[in-house]
Amino acid sequence: MTTRIEISADQATAHCRGRWTAPYLHAVDKQLASMNWPAGLTRFDLTGLEELDTVGAWLLHRTINQLNNAPGTPPNQIRIDGADQQVLSLLQLVKEKAAGAEQPRHPYQPGILENAGRHVVGQLRQYQEFLIFIGQLTLVAILVMLRPWRIRWPQVVAELQAAGVNALAIVGLLTFLIGIVIAYQGGVVLRDYGANIYVADIVGLSMVRELAPLITAIIIAGRTGSAYTAQIGTMMVTEEVDALRSIGISPLEMLALPKLIALVIALPLLTVFADAMGLFGGLIMANTMLGLNPTTFINRLAEALTLNSYLSGIGKAPVFAFIIVAVGCFQGFRVRGSAGSVGRQTTISVVQSIFLVIIVDAAFSIGFSKLGI
Amino acid sequence: MNTPTTACQTPTGTKHADVVLEGHKLSMSFGSRAVFKDIDVRVNHNEVLAIVGGSGSGKSTLMRQLALLQTPTSGSVTVFGTSVSDMDDVDTNTLRRRLGVMFQHGALFGDLTVLENICVPLQEHTDLSPHLIEQVAMVKVALAGLKADAAALYPSQLSGGMRKRAAVARGIALDPEVLFLDEPSSGLDPISADAMDELVLELKQTLGLTIVLVTHDMDSLWRIADRIVMLADGAIAAEGGIHELVESDNEVARQFFHSRRGRASGAMYDQ
């Protein structure tokens, strides 16, 4: 029998039929939404009821309650018939627990203006906290550097492996491909002028000064910075960070510092590797597309690349490393409460560190050009 | 209308055999380490079955197997008369809706409020309107003994006792026939633990639930357990009502109930 309410021919009785349980009640739910109750209704007949659960009991209770309290009708005019002991006790139970059910409670939702205000204050506070965090991290780093035997070398080595060695393949492949692309784009123009040899200048300068450090930092920010946030964030959720504090270990010294030392070593080395792979990509493309002899290419590189341009590229890497570690760990320590928070802070961490890396890179470019390097 | 406290009621129309859940020759091993072996266990309709045993005796694992959350290494589970091993995933998921679980630490979704947590199973498995779902969820909040205002809170804002109640509320969202409780009173203060026991009894009586629980709490055993299954050394060491076990000369039961805590609880219940 289908689950529904039927009004009898004399308009006085509502027959409840079928299985009034959660999986079947959507029909009754829809029916009730557009129901025109006859004015003379005095009886709910439950003899056709096959099954009743708390959802059905609530629906029945709510409906009868509404009818009883409808304006212009005598109160408590509805009678329930044909219910056995179990149905009655379930109805009674729901009636006892019904207080407050009509208005489901939701957390306070601030308006647009308040939201904007909260957001602005939250951001400002976050910048302030980030500055404080950088200060603390620097202080811890300096203090430990003064007592180098306190550096946790096993952890530094593990981080070097994770952030450096394990990233070689992806960094190498991507910069190799970018070397090829740059050589191709430059070569197309240079070939028209018969200036094929200068492809070495283009690839050399752009890779070594800008692209290799930047691409490497972006890959590491996405790959390793996110891992930092997720690791520390999960430790925040499981109270492991508090446990460290209770044992008397500074979480910064234990968690952030080994990462900082490892990445400040690993990122410049990865950048050197990226330089080499990028130039190699350029060399391959110059050879196949422009017919440039590898020896000629390398000789031209030696003339085009000064030590200054090489060092200005590598020199940015430790700064990028500091940014990635600082943002990654900072966002990790900001995780509060739940698994969802870990996800959110990890996203913020990657976006912020890539953003800051590019901003700082632009600042470097401006600075170098003013200094004439 | 009568008061809803007469024992052994069921929601109307549900047809039950007497045995609701049955585990046949259940075994669990991690690698070569066997936790338990060839355990036969049955859960009768509308009873409170307590699984007890020392730490590491596999009582939580046994409960998880009965709740279809973990596949036994060998053996089979029969739920409402059908063997689970013969079923595909779709059928098992349909069956899971008739089983509610309260996890030891609540396992509430941290990004959702209590109300939204309770709405999840209802939204997932019914076609009811969002408005009705929220109202039903509020009824469950009240059934689990929480104040209405608690529905708007996030799990991180709840105390331990409230979190367990919220977890119970989510467990009974779909009106399951069997409710599994993993250590319902652990980590609670004595007053909250007592209230939790009362809640279990109330759910059993008013909703006609069958309840399987894992506990260490002697007072809970005395107050609510109809039958106790005692695990030790990878097998069922003793089984029966609490008075039988206390008076039996079974070595494991004797140690358990004549421990200092066991004696203290027993004394309060005139044993």
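This is a predicted model: local features need pLDDT of at least 70, side-chain atom pairs count only at pLDDT 80 or more; totals for chains, interfaces and linings use all residues.
## Helix packing in chain A

Helix α7 of chain A spans residues 199–237, and helix α10 of chain A spans residues 294–304. Their axes lie 9 Å apart, at an angle of about 55°. That angle makes α7(A) oblique to α10(A).

Which residues meet where α7(A) packs on α10(A)? From α7(A) come Ala200(A), Asp201(A), Gly204(A) and Leu205(A). They meet Phe297(A), Arg300(A), Leu301(A) and Ala304(A) of α10(A). Sorted by class, this contact of α7(A) with α10(A) has five nonpolar residues, one polar residue and two charged residues.

## Contact between chains A and B

How many residues does each chain bring to the contact? Chain B gives 36 residues and chain A gives 37 residues. On the side of chain B that touches chain A, α3 (114–125) and α4 (130–143) each supply at least two residues. The largest share of that side comes from α4(B), with nine residues.

By class, the side of chain B that touches chain A divides into 17 nonpolar, 14 polar and five charged residues.

## Nonpolar cores

The largest nonpolar core has 107 residues. Within this core, Ala137(B), Val141(B), Phe180(B) and Met230(B) touch the most other members. The helix α4(B) gives the most to this core, with nine residues.

What does Phe180(B) touch, leaving aside residues up to four places away in sequence? Its partners are Met63(B), Ala67(B), Leu99(B), Gly100(B), Val101(B), Met102(B) and Val212(B). A second core is separate and has 61 residues. Among its members are Leu137(A), Ile178(A), Met277(A) and Ile323(A).

## Asp18 of chain B

Asp18(B) sits in the segment before β1 (19–30) of chain B. Is Asp18(B) buried or exposed? Asp18(B) counts as exposed, because it has 9 C-beta neighbours inside 10 Å, and the cut-off for exposed is 12 or fewer.

Beyond residues up to four places away in sequence, Asp18(B) touches Asn44(B) and His45(B). Asp18(B) and Gln205(B) are 187 residues apart in sequence. In space, they are 16 Å apart, C-alpha to C-alpha.

Technical notes:
Residues are numbered from 1 along each chain as its sequence is written. Chains are lettered from A and ligands numbered from 1 in the order in which they are written. Axes are lines fitted to C-alpha atoms, for helices over the stretch in contact, and angles run from 0 to 180 degrees between N-to-C directions. Helices (H or I, at least four residues) and strands (E, at least two) are DSSP runs, numbered from the N terminus. Angles under 35 degrees count as roughly parallel, over 145 as roughly antiparallel, 65 to 115 as roughly perpendicular and the rest as oblique. Two residues are in contact if their C-beta atoms, placed from the backbone, lie within 7 Å. Ala, Val, Leu, Ile, Met, Phe, Trp, Tyr, Cys and Pro count as nonpolar, Asp, Glu, Lys and Arg as charged, and the others, Gly among them, as polar. A nonpolar core is a set of buried Ala, Val, Leu, Ile, Met, Phe, Trp, Tyr and Cys residues joined through C-beta atoms within 7 Å. A residue is buried if 20 or more other C-beta atoms lie within 10 Å of its own, exposed if 12 or fewer, and partly exposed in between; C-beta atoms are placed from the backbone.
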